[in-house]
Amino acid sequence: MPDGFGLDRPGTSGHQMPDRAGGGGLCGMAPRRADDARKSTGDDMKRLIGTTGLNGFLGRHLGAALLRNGYETYNIPLSIRRDPEALNRWISVNRPAAVFHLAGIVDVGYCRANPLEAVHAHIVETSNLLEALRLSGPETPLIYVATDKSFGEQQDCELETPYRPVFAYDSSKACADIMVESFRASYNLPIHLLRFPNFYGENDVHLERLVPSVCIATANDTPLVVRTRTDGTYRQYIYVQDAVGILLSALERVLSGADVAAKSHFGPSTLKCVGDVIADVQGLSGRAIEVTVLNQPNETSTISLKDENQFGYAYTDWLDGLARTFAFYSAMKSG
């Protein structure tokens with residue numbers, strides 16, 4: 001999830017290409033071919049989890065956790081996600097036990113510059129997946145990961161809070177959310193929408209985001225450039241391993257036949273502005289960094305979810321998670 005802060009570092013443009021899964025497999029595993037699927041035993045078929053977005057921040061952590069827990073994963077590539085017939089065929093042949101849908105574009109600025117890409121990535125691909133499941137796997141659970149940005153600039157968003165998106169990113173995500181809710185209501189499909197705020201933690205692939213930017217600048221004793229301001233805009237955070245634990249809990253419940261709500265929000269009480277994150281990292285590390293604030297115009301706002309937490313998950317304390325995150329990026333420097 002994008003954190004919505006304007007950060008930059010010397011030598012970088014601050015612009016990232018879309019976080020898109022380019023192919024199948026994970027951690028060196030060869031992707032499972034559709035024409036090999038029926039050669040597997042029934043037990044193997046029950047452990048196959050179809051996924052999108054395993055190359056992203058949350059996806060990398062989730063994929064590793066699925067493997068540790070004995071699941072086989074197949075990261076559905078973009079070429080299949082954008083081809084309704086191929087996606088329909090993949091679902092029909094492979095018959096996954098469940099599907100996680102994480103893929104999307106994480107860069108708000110990229111979506112603003114390329115709105116049709118946002119439409120295809122979020123609305124079209126999600127609709128293709130929904131239709132493939134409706135036609136070829138109506139019994140297959142779909143666990144859909146949603147963002148708080150669909151609500152626009154609103155606080156303490158509840159399950160029935162109306163979507164109020166404005167820009168290409170949040171508008172396309174809100175449209176995808178509506179399609180997900182529509183397919184569950186219209187066709188009684190086992191679809192579960194789990195919504196999270198901003199992720200933070202180790203091994204973020206988007207180093208321009210706030211938490212890794214501050215950790216890397218502090219670990220390397222390099223200047224940090226903030227394009228906007230250090231106060232006024234607050235974002236809610238959840239430790240990435242907590243999100244993984246929640247998703248695994250949802251998976252185990254749906255596979256066991258236990259009740260899982262159609263929608264749930266997971267929103268720890270952690271609300272931080274840029275200045276808060278800088279201060280917390282400096283406090284944990286005992287180091288001060290040079291911060292240049294450009295004060296480019298931006299709206300001050302707060303986006304947050306009201307915590308529903310249907311599983312009663314015990315969230316990691318912000319400072320504990322931040323300490324682990326800083327240790328990871330400090331080790332990157334020494335490595």
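Me: Leaving aside its neighbours within four places in sequence, which residues is Thr140 in contact with?
Reply: In this predicted model, Thr140 is in contact with Pro96, Ala97, Ala98, Val99, Leu133 and Pro190, once neighbours within four places in sequence are left aside. Thr140 itself is found in the loop between helix H6 (115-136) and S5. There is a C-alpha separation to mention too: 8.1 Å between Thr140 and Leu189, which are 49 residues apart along the chain.

Me: Why does Thr140 count as buried?
Reply: Happy to spell that out. The relative accessibility of Thr140 is 5%. Buried means under 20%, so Thr140 counts as buried at its 5%.

Me: And what makes Leu294 partly exposed?
Reply: Leu294 has 41% relative accessibility. Partly exposed covers what is in between the buried cut-off of under 20% and the exposed cut-off of over 50%, and therefore Leu294, at 41%, counts as partly exposed.

Me: Where is Leu294, and what is in contact with it?
Reply: Its place is in the loop between strand S12 (291-293) and strand S13 (302-303). Leaving aside neighbours within four places in sequence, Leu294 is in contact with Val225, Val226, Arg227 and Thr228. For Arg227, 67 residues apart from Leu294 along the chain, the C-alpha atoms are separated by 4.8 Å.

Me: How do you know what kind of residues make the contact of H2 with H9?
Reply: From H2 come Phe57, Leu58, His61, Leu62, Ala65 and Leu66, and from H9 come Val240, Gln241, Ala243, Val244, Leu247, Leu248 and Leu251. By class, that gives eleven nonpolar, two polar and no charged residues.

Me: Why are H8 and H10 called oblique?
Reply: H8 (residues 210-220) and H10 (residues 274-285) pack at about 40 degrees, with axes 10 Å apart. Since angles under 35 degrees count as roughly parallel and those from 65 to 115 as roughly perpendicular, H8 and H10 are therefore oblique. Among the residues in contact are Leu210 and Val214 of H8 and Val277 and Val281 of H10. Overall, the contact residues are eight nonpolar, two polar and no charged.

Me: Which residues touch the most other members of the largest nonpolar core?
Reply: Of its 29 residues, those are Leu58, Phe100, Phe196, Leu247 and Leu251. The largest share of this core, nine residues, comes from H9. Leu251 touches Ile49, Leu66, Tyr71, Ala98, Phe100 and Ile143, not counting residues up to four places away in sequence. A second, separate core has 22 residues, including Leu48, Tyr74, Ile91 and Leu189.

How values were computed:
Residues are numbered from 1 along each chain as its sequence is written. This is a predicted model: local features need pLDDT of at least 70, side-chain atom pairs count only at pLDDT 80 or more; totals for chains, interfaces and linings use all residues. Side-chain values use heavy atoms; hydrogens and water are left out. Axes are lines fitted to C-alpha atoms, for helices over the stretch in contact, and angles run from 0 to 180 degrees between N-to-C directions. Helices (H or I, at least four residues) and strands (E, at least two) are DSSP runs, numbered from the N terminus. Angles under 35 degrees count as roughly parallel, over 145 as roughly antiparallel, 65 to 115 as roughly perpendicular and the rest as oblique. Contact means heavy atoms within 4.5 Å. Ala, Val, Leu, Ile, Met, Phe, Trp, Tyr, Cys and Pro count as nonpolar, Asp, Glu, Lys and Arg as charged, and the others, Gly among them, as polar. A nonpolar core is a set of buried Ala, Val, Leu, Ile, Met, Phe, Trp, Tyr and Cys residues joined through side-chain atoms within 4.5 Å. Buried means under 20% relative accessible area, exposed over 50%, partly exposed in between (1.4 Å probe, protein chains only).
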